[in-house]
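Trainee: I would like to learn how to read a protein model, one feature after another. Could we begin with charged side chains?

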Amino acid sequence: MRSPNRIVVAAAGGGKTTRIVDEVLADKSVRSAIITYTRNNVREIQAKFYERGRTIPDNVEIIPWFTFLLREMARPYRNYKYEKRIDGIFWTETTVDRFAPKSDAGRYYFGNSSTIYSNKLAEFVCDCNAISKNAIIRRLEQRFERVYIDEIQDFAGYDLDILELMLRSNLEVVLVGDPRQSTFTTNNSNRHKGFRGPDIIKKFREWEKKKLVELQHLVETHRCNQRIADLADSFYPDHEKTQSRNKDMTGHDGVFSIKKGNVAEYLSKFKS
């Protein structure tokens, strides 16, 4: 049976944000969430809605990933692990208390405060969902029908476990991104470290083999000419090859080697 879920691996400059927005605008009856990692990406998606449809329709919510975890998942079911209200997120890239036992939820996840460690938030959600017998995911199914997650290449650690829970749910899940553009990371834990950065494509293929998703490749780019695309592709031989649709000719097209001492002069001459 074909999965309704999709992973769309889109080359840089392939118009992935436009595709998401146009798909949502095409059917305003579907309750949709568009989730992305950074607030800059949220603003970019909002701007695209104003460009394509002049407004953000009532059937869609655009949410940063950590807001989504906190508001839609952790807070409604935190009583399964922690009695205090979660007031916010304590941002950290490392484990603050390395010797905190997981059995002590207050110390392990919160440092005995009312703010949850950012690198433990997804793990906390996974634990609450398991104890509540999938109540968190069932709530999401009632809130939304379709969930888009943009910039998927930045997801790591327990965030991947949450994505798999969603892929196994009754939600229609669309994951969009390009593993070759991995810049940030949602989580620095060692969990799933073999799927970090560009290697997340291995997790995509694993999910496809489990029939949780259909993996699609959008290989066209309107940003770079073919020579630049070929050079970028050479760093990722296991990925699909990019096809350029940029036919603009400027008289200075392609890939050039510039001596360090000539960089300033080169930039001054060719900057647009």
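Mentor: A salt bridge is a side-chain nitrogen of Lys or Arg within 4 Å of a carboxyl oxygen of Asp or Glu. Here the side chains of Lys 202 and Asp 199 meet in one, at 3.9 Å from N to O. Before going further, note that this is a predicted model, in which local features need pLDDT of at least 70 and side-chain atom pairs count only at pLDDT 80 or more, while totals for chains, interfaces and linings use all residues. Residues are numbered from 1 along each chain as its sequence is written, and side-chain values use heavy atoms, with hydrogens and water left out.

Trainee: Are Lys 202 and Asp 199 buried, exposed or partly exposed?

Mentor: Buried means under 20% relative accessible area, exposed over 50%, and partly exposed in between (1.4 Å probe, protein chains only). Lys 202 is partly exposed because its relative accessible area is 45%. Asp 199, at 34%, is partly exposed too.

Trainee: How many residues of helix α7 are buried?

Mentor: Nine of the ten residues of α7 (residues 158-167) are buried, and the helix is mostly covered. Among them are Tyr 158, Asp 161, Leu 163, Glu 164 and Met 166. The buried residues of α7 pack against α3, α5 (121-131), α6 (135-143), β6 (146-149), β7 (172-177) and α8 (200-209).

Trainee: Which residues have the most contacts inside the largest nonpolar core?

Mentor: A nonpolar core is a set of buried Ala, Val, Leu, Ile, Met, Phe, Trp, Tyr and Cys residues joined through side-chain atoms within 4.5 Å. The largest one has 55 residues, and those with the most contacts inside it are Trp 65, Met 73, Ile 149, Met 166 and Trp 207. Helix α3 (residues 65-74) gives the most to this core, with seven residues. Apart from this core lies another, of 14 residues, including Val 21 and Phe 49.

Trainee: What does Ile 149 touch, not counting residues up to four places away in sequence?

Mentor: Ile 149 touches Ile 35, Trp 65, Phe 155, Leu 163, Met 166, Val 174, Leu 175 and Val 176.

Trainee: In which sense do strands β2 and β3 pair?

Mentor: Two strands pair if DSSP finds at least two bridges between them. Strand β2 (residues 32-36) and β3 do this in the parallel sense, over five bridges. Thr 36, for instance, has Pro 64 in β3 as its bridge partner. Between the two strands the chain passes through helix α2 (residues 39-53), and this β-α-β crossover is right-handed. That word applies if, with the strands pointing away from the viewer, the path from the first strand over the helix to the second runs clockwise.

Trainee: Why is β3 largely enclosed by the rest of the structure?

Mentor: Four of the five residues of β3 (residues 60-64) are buried, so the strand is largely enclosed.

Trainee: Which residues have a positive phi without being glycine?

Mentor: Most residues other than glycine have a negative phi. Asn 112 has a phi near 55°, and its place is the loop between α4 and β5 (115-117). His 192 has a positive phi of about 60° and lies in the loop between β7 and α8.

Methods:
Contact = heavy atoms within 4.5 Å.
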